[in-house]
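Please look at the model below with its sequence beside it, and let the text lead you from its open spaces to its rings and its backbone.

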Amino acid sequence: MSVKSRGEQSSRDVFTKKWTLLLCIGSFCAGMLFTTRMWAVPESRSLSKTTAIEGEKLKLVSEDCDMKSLDLKVVKRESNDIIGDVSKTHNAIQTLDKTISNLEMELAAARATQESILSGSPLSEELKDTESSGKRRYFMVVGINTAFSSRKRRDSVRATWMPQGERRKKMEEEKGVIIRFVIGHSATVGGILDRAIQAEDKKHGDLLRLDHVEGYLELSAKTKTYFAAAVALWDADFYVKVDDDVHVNIATLGETLARYQKKPRLYIGCMKSGPVLAQKGVRYHEPEYWKFGETGNKYFRHATGQLYAISKDLATYISTNQHVLHKYANEDVSLGSWFIGLDVQHVDDRRLCCGTPPDCEWKAQAGNICVASFDWTCSGICRSVERIKEVHRRCGEGENAIWTASF
C-alpha cells in the first residue's frame, strides 16, 4: 500500500473517532435530560397530591374544631336565653290576661248599651259619664236590691247605714265604695211607678236603673242584669248584692273583703244547703226539683241571698255569659249554680249573717262586729222599717268607721 492510501485511512479513523466521541457525549446529555424529566414529573405530582390530602385533613380538623366551638357558643347562648325567654313569656301572659279582662268588660258595656238602645230605654247618666271618660278603679260596688213598693225601706236604709249626700260622694272618691239601690222598670214603661222612681232618683241620686221588668219571680234574671250593668259602669275588685231589709256595716264589709283581695274567683257569703221543695203552692217551690235527684234531696252549697259578694272575674263571667246562664226559681240557688263546674273558691263567713239584737250586739261588745244582721225567720229584719234604727244603734260600727277603715 502506498503512502497516500495510508494517509487517507488515517484521516478517516480520526474523523470516525471524533464523531463517535461527539455522539457519545450527545447521547449522554440526551440521556441525562430524558432521565431528569421522567423522574421529576412523577415526584412533583406525588408531592402535590400528598400536600393536597394533608391540606384537606387539616381543613376538616379545623372545621370540626370550629363547629365544636360554635356548638358550645350556641349552647351557652341558648342556656342564657332560656331564663330571659321564660320571663318574657310570663310578662306576655300577664299582659294578655289584662287585655282579655279589659275586652270582656268593654264587651259587657257594649252589650248593655245595645240592649238599652234596642229596648228603647234611655241610657243612665252614670253610663253616659262612663262612656265619655276613662274608668277609675273602685274597691267594691254594693247593690241594694229593692222594689217599687219598698220606698219606706229605702228611706230607712238612707237614715241608718248608707251615707248620704256629700258623705256618699266622699266615700266613693276616697274609699272607692259605690252604693246604689238596684231597680228595673214596670211592665208599663213610663207609667206612674217609673215616674215616681225617677223623681226619687232625682232627689237622692242613689238608684241604679236596670233594663229589667220588676217581679218577684224574675229575681234571678234581675241578678244577672245587675252584675252586667255594675261591671259595665264600675271597674271594681268586688261586687256585692244585699237586700233592702238587711243592716250592713260598710267598713266591716270592706275590711272583710280586703282579706281576699289578691285571690281570684271568690264567692263570699253564708253558705247553706236547703231542701229542694217539690210541693206546689209552698214558698220557695222549685219547679225543676227533678234535676236535683230524689225527693227530699238538698241543693248544692250556695250563699244565702240576703248578702253575698263575688270578685270581679266572676261578675265579668256572669256579664259575658248572661244569655246562657240558667235561672232557677230561687235567686241565690241560681247564682250558686252558675259557678258549679268553675274553679271558684267558696268562702263561708258567718259574720255576713248575724242575727238582730241581742246576737249582733253581744258580738260587737266582744270586738267581733258583724258585717250584716237580719232575722232568719223573715229572711231579713222583721218589720225592718220600724226596727232597723234600733239594730243600727245597738250593732252599728259608728259613723266614722268608714273613714278609718283600711282597704
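Helix H6 gives the most to the lining of the largest pocket, with six residues; helices here are DSSP runs of H or I with at least four residues, strands are runs of E with at least two, and both are numbered from the N terminus. This is a predicted model, in which local features need pLDDT of at least 70 and side-chain atom pairs count only at pLDDT 80 or more, while totals for chains, interfaces and linings use all residues. Residues are numbered from 1 along each chain as its sequence is written, and side-chain values use heavy atoms, with hydrogens and water left out.

The largest pocket has a volume of about 1,200 Å³ and is lined by 48 residues, of which Tyr216, Leu219, Arg283, Tyr284 and Glu331 lie nearest its centre. The elements that give two or more residues to this lining are strand S1 (137-145), helix H6 (219-233), strand S4 (235-243), strand S7 (302-311) and helix H9 (331-338). On a 1 Å grid over the protein atoms alone, a pocket is an open set of points with protein on both sides within 12 Å along at least five of seven lines, a cavity is a set where a 1.4 Å probe fits but cannot get out, and lining residues have an atom within 4 Å of a point. Grid points are joined across faces, edges and corners, and a volume is the space filled by probe spheres set on the points. By class, the pocket lining has 19 nonpolar, 16 polar and 13 charged residues, where Ala, Val, Leu, Ile, Met, Phe, Trp, Tyr, Cys and Pro count as nonpolar, Asp, Glu, Lys and Arg as charged, and the others, Gly among them, as polar.

How many cavities of 30 Å³ or more does a search of the whole structure find? The search finds one, with a volume of about 50 Å³, and among the residues that line this cavity are Val276, Tyr289, Phe292 and Asn297.

Rings of Phe, Tyr and Trp (its six-membered ring) pair if their centres lie within 6.5 Å, and planes under 30 degrees apart count as stacked, over 60 as edge-to-face and the rest as tilted. By this rule the count comes to nine aromatic pairs. In one of them, the rings of Tyr267 and Phe339 have their centres 5.1 Å apart and their planes at 70 degrees, so the pair is edge-to-face. Tyr267 lies in strand S6 (residues 266-272) and Phe339 in the loop between H9 and strand S8 (345-348), so the pair ties together parts that are 72 residues apart in sequence. Both Tyr267 and Phe339 are buried, a word that means under 20% relative accessible area, with exposed over 50% and partly exposed in between (1.4 Å probe, protein chains only). Phe292 and Phe300 form a tilted pair, 6.0 Å centre to centre with 40 degrees between the planes; Phe292, at 14% relative accessibility, counts as buried, whereas Phe300, at 21%, counts as partly exposed.

The backbone deserves a look as well. The peptide bond from Pro357 to Pro358 is cis, with omega near 15 degrees, and Pro358 has its place in the loop between S8 and helix H10 (359-365). Arg265, a residue other than glycine, has a positive phi near 50 degrees and lies in the loop between helix H7 (250-258) and S6.
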